[in-house]
Amino acid sequence: MELMNVRTPIVQESEATGETAELYGRIRDHFGLGLVPDVFKLAGARPDFLRVLWDGYLAMFAGGTLPRDV
């Protein structure tokens, strides 16, 4: 089977519009780095995917701590 050379379009911050631009703003503000980390830009062409990725990130890493007595 031949693999196709397929690239995922990357939406740069300066090119983002609509929901992608809104989510990029939230992501940029959250990290305080003045930029959107590349891993999130990978989903920028599909705002619905970007929203799921961002919500998942927040659920896993920004929602507090796990109890140690489990």
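I began with K41, which is buried, its relative accessible area being 9%. For that term I use under 20% relative accessible area as buried, over 50% as exposed and anything in between as partly exposed, with a 1.4 Å probe and protein chains only. The model is a predicted one, in which local features need pLDDT of at least 70 and side-chain atom pairs count only at pLDDT 80 or more, whereas totals for chains, interfaces and linings use all residues. Residues are numbered from 1 along each chain as its sequence is written, and side-chain values use heavy atoms, with hydrogens and water left out.

**Entry 1**

I placed K41 in helix α2, where helices are DSSP runs of H or I with at least four residues, strands are runs of E with at least two, and both are numbered from the N terminus. I then listed what K41 touches, taking contact to mean heavy atoms within 4.5 Å. Leaving out residues up to four places away in sequence, K41 touches I10, V11, Q12, E13, Y24 and V36.

How many salt bridges does the rule give? The count comes to six, a salt bridge being a side-chain nitrogen of Lys or Arg within 4 Å of a carboxyl oxygen of Asp or Glu.

I looked next at R28, which forms a salt bridge with E13, with 2.6 Å between the closest N and O atoms. Because R28 lies in helix α1 and E13 in the segment before α1, this pair ties together parts that are 15 residues apart in sequence. R28 counts as partly exposed at 28% relative accessibility, and E13 also counts as partly exposed, at 25%.

The side chain of E13 meets that of K41 as well, in a salt bridge of 3.8 Å from N to O. E13 lies in the segment before α1 and K41 in helix α2 (residues 38-41), so this pair ties together parts that are 28 residues apart in sequence. I noted that E13, R28, D38 and K41 are linked in a network of salt bridges.

**Entry 1: R28 and V36**

Besides E13, the residues that R28 touches are L33, G34, L35 and V36, again not counting residues up to four places away in sequence. I also checked a C-alpha separation for R28 and found 17 Å to A45, which is 17 residues apart from R28 along the chain.

Where does V36 sit? The place of V36 is in the loop between α1 and α2, and V36 is buried, with a relative accessible area of 1%. With neighbours within four places in sequence set aside, V36 is in contact with E13, Y24, I27, R28 and K41. The C-alpha atoms of V36 and L53, which are 17 residues apart along the chain, are separated by 13 Å.

**Entry 2: helix α1 against helix α3**

Two packed helices are described by the angle between their axes and the distance between the axes. I took the axes as lines fitted to C-alpha atoms, for helices over the stretch in contact, with angles running from 0 to 180 degrees between N-to-C directions. The axes of helix α1 (residues 18-31) and helix α3 (residues 47-61) come within 9 Å, and they cross at roughly 25 degrees. That makes α1 roughly parallel to α3, since angles under 35 degrees count as roughly parallel, those over 145 as roughly antiparallel, those from 65 to 115 as roughly perpendicular and the rest as oblique.

Which residues meet here? From α1 these are E19, T20, L23, Y24, R26, I27, H30 and F31, and they meet P47, L50, R51, W54, Y57 and L58 in α3. The residues of this contact divide into nine nonpolar, two polar and three charged, with Ala, Val, Leu, Ile, Met, Phe, Trp, Tyr, Cys and Pro counted as nonpolar, Asp, Glu, Lys and Arg as charged, and the others, Gly among them, as polar.

In E19 and R51 I found a salt bridge whose closest N and O atoms are 2.6 Å apart. The pair links distant parts of the chain, with E19 in helix α1 and R51 in helix α3, 32 residues apart. E19 is partly exposed at 31% relative accessible area, and R51 counts as partly exposed at 34%.

T20 touches V11, G44, P47 and L50, not counting residues up to four places away in sequence.
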